[in-house]
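Let's go through a few local details together, question by question. Have a look first.

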Amino acid sequence: MRRALSVFILLLAAAGLLPAHASSLRIATGELPPYATASRPDQGVALQIVRRAFELAGHEVTYHFLPWSRAQQETLAGRWDATAYWGASDQRRRDFLLSDNVLTEQWVIVHRRELAVDWRQLADLKPWRIGVIRDYTYTPEFWALVKAGTLQTDNTPDDLLGLRKLLAGRIDLIPMERNVACDLLARNFSNAEAARLAAHPRLLTDSFTTHLMLPPQLPASRTLLEAFNRGLASLKASGEHARILASVRCPRDWNNGVKHP
């Protein structure tokens, strides 16, 4: 009987009805609410998408929260099965295996409402003092303008301090992912403080894709990447991916009239 059951399971796996190599995966990540955080039951919107995609492919996931730079470095060294979630860059494409798009972030320019901020090209932001986080991807064009001295910048450790600097008048603008800004405002500021800030409707980029990254030197990485991409495609086709993204709420006027670059 036991042998017959084993043969039956093997036949199901061969037919693709069961995962042939189901496993528990250890994924390094960091804190970026509401997308990745130990403070939410689902551990964040992006991490929930990654978890569900792997579940559909027959794999369980355990997240390990680290500083972002350490999560990337240790995954590159092969200590973790993967790291999530990251914007694509030329360097990361060279160093890692990148998955299909987990979600597309919406990067906007946040500013105090009393400032008459408008822009069509990034160089139009030249008059303003801009808060930046050095480890962020933003866009190649943005960093090129910073390096050239076209844009005035102020190095800021994180988005929360950036919003505080903005309210205090120490900076004029800060590029920030829309849902990250909304979450920070809801958890750390009064309604009156949040009402002083606005998000310019023009997106910094409409192609800021984000990805699971796997170390290419680990033997299982390519198989896991294929499994994840299959699970992610199923998640999107079922509508569950859209439902997970819809769980984030922003101030109502922050979502009006989005303009694409």
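This is a predicted model: local features need pLDDT of at least 70, side-chain atom pairs count only at pLDDT 80 or more; totals for chains, interfaces and linings use all residues.

Q: Where does Thr139 sit, and is Thr139 buried or exposed?
A: Thr139 belongs to the loop that runs between β7 (129-132) and α5 (140-147). The cut-off for buried is under 20% relative accessible area. Thr139 comes in at 9% relative accessibility, so it counts as buried.

Q: Leaving aside neighbours within four places in sequence, which residues is Thr139 in contact with?
A: Sequence neighbours within four places are set aside here. What remains for Thr139 is Leu122, Leu204 and Thr205.

Q: Within what arc do the buried residues of α5 fall?
A: The buried residues in α5 include Phe142, Leu145 and Val146. Looking down the helix axis, you see them line one face of α5, because they fall within an arc of 105°.

Q: Which residue just after α5 takes a positive phi?
A: Step just past the end of α5 and check the backbone. The phi there is about 85°, and the residue is Gly149.

Q: Which side chain makes a polar contact with the side chain of Gln91?
A: Gln91 is in helix α4 (residues 90-95). At 41% relative accessibility, Gln91 counts as partly exposed. Its side chain makes a polar contact at 2.9 Å, and the partner is the side chain of Asp95.

Conventions. Residues are numbered from 1 along each chain as its sequence is written. Side-chain values use heavy atoms; hydrogens and water are left out. Helices (H or I, at least four residues) and strands (E, at least two) are DSSP runs, numbered from the N terminus. Buried means under 20% relative accessible area, exposed over 50%, partly exposed in between (1.4 Å probe, protein chains only). Contact means heavy atoms within 4.5 Å. The arc is that of the directions from the helix axis to the C-beta atoms. A polar contact is a pair of N or O atoms within 3.5 Å; within protein, one must be able to donate a hydrogen and the other to accept it, and residues adjacent in sequence count only if both atoms are side-chain atoms.
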